[in-house]
Amino acid sequence: MAPRDTTLFFLVFCLGQKIQAQDGNLSIPTLSATPGSVIPWNEYVKVLCQGTPGSYLYQLEILGNSTYKVVEAKLRIQEMAEFVINRMDTNTAGRYRCQYKKHFSQSVYSEALELVVTGLYDKPFLSTDGGLVVMTGANVSLRCRSAHISLDRFSLSKEGGAPLSQRQNGGHWGDFILGPVNLNFSGIYTCYSWYSGSPYVWSAPSNALELVVTDTINKDYTTENLIRMGVAGLVLVVLLAILAENWLGHQVPHKEDQQDLPELSWSRQKTQAEWSFGLTTKGHQETPGSEVEEPALEFRKATWRT
């Protein structure tokens, strides 16, 4: 082999080794589902496998009978591949993983993604032994109860968060202890029940409970304000009653005054009547020489009686 060909072969060999070494450090793909990994019966879900720029082959697999089998492959140069499951049921629910190829290398598998189908059993009932408004630092106990005897597993789900699984405590319920809670625990909670032999097939969601976590700074003063307003209203009523009584006291005479007034008025009328009667009687006497003197005497008599 000529020295020139030997040099060219050596360069190509080194370049190939370098490419393989770079591809051997491919990033681990990530697998996600939208709108979520808990899907109602017969609804669709999108599964996204995130690779790197320049990747050309993506492969989605599902675990079945202890081994994975290929569900679908996407042959296209792209950074992320999208797989659509049009109908979620007992056959499409399960444990998924993905990988991609770039150049001459293949990436490792992603972490497993569990897709759960819901709605195959009647919904359980979610309750709490305390209030739904709690202070930060407290513990909250939620109980998920099912009417189905065979369902021995329970999951608690917070809106926008990943479900929390819980084993059966005894009977047909599962208890979930949250805490010590902080403000991030506020939200809407539901629960599901399922059978341990079919971990990806769940019941319909339970009734929703809204948990509100508060702290001392944001204390609710509604009750105290209502008490203050009630006391202020009572004081105002008492003041109005006092003012009304005082006003009526100036308008209506006292009882003692009402008893004295008729007697005084009658005395004056009697005195005037006697004076008038005496003056008129004496005035009609026509005895000579007495016209001026007798009325004067009678006037003095009336004045003395007064």
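Biologist: How many helices and strands does the protein chain have?

Modeller: The protein chain has 4 helices and 17 strands. Keep in mind that the model is predicted.

Biologist: And how many disulfides?

Modeller: The count is 2 disulfides.

Biologist: Remind me, what is a disulfide?

Modeller: A disulfide is a covalent bond between the sulfur atoms of two cysteines.

Biologist: Which residue forms a disulfide with Cys-49?

Modeller: Cys-98 does. The two sulfur atoms are 2.1 Å apart. A pair counts as a disulfide if the sulfur atoms are within 2.5 Å, so this one qualifies.

Biologist: Why is the disulfide of Cys-49 and Cys-98 called right-handed?

Modeller: Because the torsion about its S-S bond is about 80°.

Biologist: Are Cys-49 and Cys-98 buried or exposed?

Modeller: Cys-49 is buried, and Cys-98 is buried too.

Biologist: On to Cys-144. What is its partner?

Modeller: Cys-144 forms a disulfide with Cys-191. Their sulfur atoms are 2.1 Å apart. Cys-144 lies in strand 12, residues 140-145. Cys-191 lies in strand 16, residues 187-194.

Biologist: What about the handedness of the Cys-144 and Cys-191 link?

Modeller: That link is right-handed, with 75° about the S-S bond.

Biologist: Why does Cys-144 count as buried?

Modeller: Its relative accessible area is 0%, and buried means under 20%, so Cys-144 is buried. Cys-191 is buried as well, with a relative accessible area of 0%.

Biologist: What is the pairing in sequence order?

Modeller: Number the bonded cysteines along the chain and the pairing reads 1-2, 3-4.

Biologist: What is Ser-193 in contact with, leaving aside neighbours within four places in sequence?

Modeller: Its contacts include Tyr-121, Phe-154 and Trp-202. Ser-146 and Ser-203 are also among them.

Biologist: Now the whole chain. How much of it is buried?

Modeller: Buried residues make up 27% of the 306 residues.

Note on methods:
Residues numbered from 1 in each chain as written. Predicted model: local features only at pLDDT ≥ 70, side-chain atom pairs only at ≥ 80, totals over all residues. Heavy atoms only, no water. Buried < 20%, exposed > 50% of the residue type's maximum accessible area, 1.4 Å probe, protein only. Helix = DSSP H or I, 4+ residues; strand = E, 2+ residues; numbered from the N terminus. Contact = heavy atoms within 4.5 Å.
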